[in-house]
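I went through the strands, the helices, the core and the ligand shell in turn.

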Amino acid sequence: MKAKTPSDSLTIVTEIVLPNDTNNLKNLFGGRLLSWMDRASAIAAHRHCKRIVVTSSVNNVSFNQPIPQGSIVTLEARVSRAFTSSMEVFVDVYIEDQTVAGKKVRANEAIYTFVAVDQLGNPINVPALIPETELEKKRYEGALRRRQLALILSGKMKPSEASELKALFFSPEEIANLENHENKGNDKA
Ligand SMILES: CC(C)(COP(=O)(O)OP(=O)(O)OC[C@H]1O[C@@H](n2cnc3c(N)ncnc32)[C@H](O)[C@@H]1OP(=O)(O)O)[C@@H](O)C(=O)NCCC(=O)NCCS
C-alpha cells in the first residue's frame, strides 16, 4: 500500500450556525459541533484508506470558546498518524463572524480515532502516513502517546506496557526502577 500524506486526506467542511443549532445562550450546541467533527473526520479517514471506517474513540475535544449564532464555521480534518488498522484524525475548527472584517479565529479542536473495516466489520490494514510540515510531525509523534492513553482508558492496554506514555512522566532511570519493582512483584506472585 502506498504511503499517504496528511494533505491527501484533508477534508474541509463549512457550516453556518442557524437558530436550530444553538443552546439557550444562542451559541452553537456542543452536540452539533461533535456531529460535524465526526463527519468531517470520517471523510478524512476514508480518504486516507479508501475503505469503510468506523469511529473507535474520541480522544480529545476542547471547546475553547463559544461559537455564536450566525458564525460561519470551517472544519479542517486530516489524518495525523496511521497505525495498523487505526488512524488518528485531527479536526481544527475555525470561526468567522459576519461583519465586514470577517475576522477568522481558531475556536476548537478534536482528535478522533477511526478503524478501517471490511464488509463484516473486521479491522483491515491501512496505508502508512508520512508527515510533512512541522505541525504534522509534532502531531504524528504525539499520536503514539494518545493511542496508549486511549487504550489504557478503554481497558485494552496495561499501563505498564505504555512505554512512550511513561517516558512523559518518568526519567529512564525511574522507568528502569519501576520495571525492576514490577518484575520482583511478578516473581513473588
Ligand atoms: C473499532 C472496532 C472495529 C475495533 O475492533 P476490535 O475488535 O477492538 O479490534 P482490535 O482490538 O483488533 O483493534 C483494532 C484497532 O483499533 C484500535 N482500537 C481499539 N479500541 C480503541 C480505542 N478505544 N482507542 C483507540 N484505538 C482503539 C486498536 O488499537 C487497533 O489499532 P491497530 O490495528 O492500528 O493496532 C470495534 O470495536 C467496533 O466495531 N466498534 C464500534 C464502532 C462503531 O460502531 N462506531 C460508531 C459509534 S456509534
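I began with β1 and β3, which pair in the antiparallel sense over six bridges. Helices (H or I, at least four residues) and strands (E, at least two) are DSSP runs, numbered from the N terminus. In this pair, Glu-15 stands opposite Val-73 in β3.

Two notes on the source. The model is predicted: local features need pLDDT of at least 70, side-chain atom pairs count only at pLDDT 80 or more, and totals for chains, interfaces and linings use all residues. Residues are numbered from 1 along each chain as its sequence is written.

I then followed β3 to its other partner. Ten bridges join β3 to β4, and the two run antiparallel. Ile-72 stands opposite Glu-96 in β4. Three residues lie between β3 and β4, which form a hairpin. I looked up burial for β3 as well, counting a residue as buried if 20 or more other C-beta atoms, placed from the backbone, lie within 10 Å of its own. Eight of the eleven residues of β3 are buried, so the strand is largely enclosed by the rest of the structure.

Next came β4 and β5, which are antiparallel and joined by eleven bridges. Val-91 has Ala-110 in β5 as its bridge partner.

What is the order of the strands in the sheet? I read β1-β3-β4-β5-β2, five strands in an open sheet with antiparallel pairing. β1 (11-16) and β2 are at the edges with a single partner strand each, so one side of each has no neighbour in the sheet. Neighbouring strands are turned by 25° against each other on average, direction ignored. Axes are lines fitted to C-alpha atoms, for helices over the stretch in contact, and angles run from 0 to 180 degrees between N-to-C directions.

For the core I used buried Ala, Val, Leu, Ile, Met, Phe, Trp, Tyr and Cys residues joined through C-beta atoms within 7 Å. The largest nonpolar core holds 31 residues, and Ala-45, Leu-75, Met-87, Val-89 and Val-91 have the most contacts inside it. α2 (30-49), β3 (72-82), β4 (86-96) and β5 each give two or more residues to this core. I listed the contacts of Val-89, leaving out residues up to four places away in sequence; among them are Ala-45, Ala-77, Tyr-112 and Phe-114.

Which residues come nearest to the ligand? Of the 18 around it, they are Ser-57, Phe-83, Thr-84, Ser-85 and Ser-86. β2 (52-63), β5 (104-117) and α3 (134-153) each give two or more residues to the shell. The largest share, four residues, is from β2.

Last, the whole chain. I counted five helices and five strands, in the order α-β-α-β-β-β-β-α-α-α from the N terminus. Of its 189 residues, 28% count as buried.

Key: Near = placed C-beta within 6 Å. Buried ≥ 20, exposed ≤ 12 C-beta atoms within 10 Å, placed from the backbone. Contact = placed C-beta atoms within 7 Å. Pairing = 2+ DSSP bridges.
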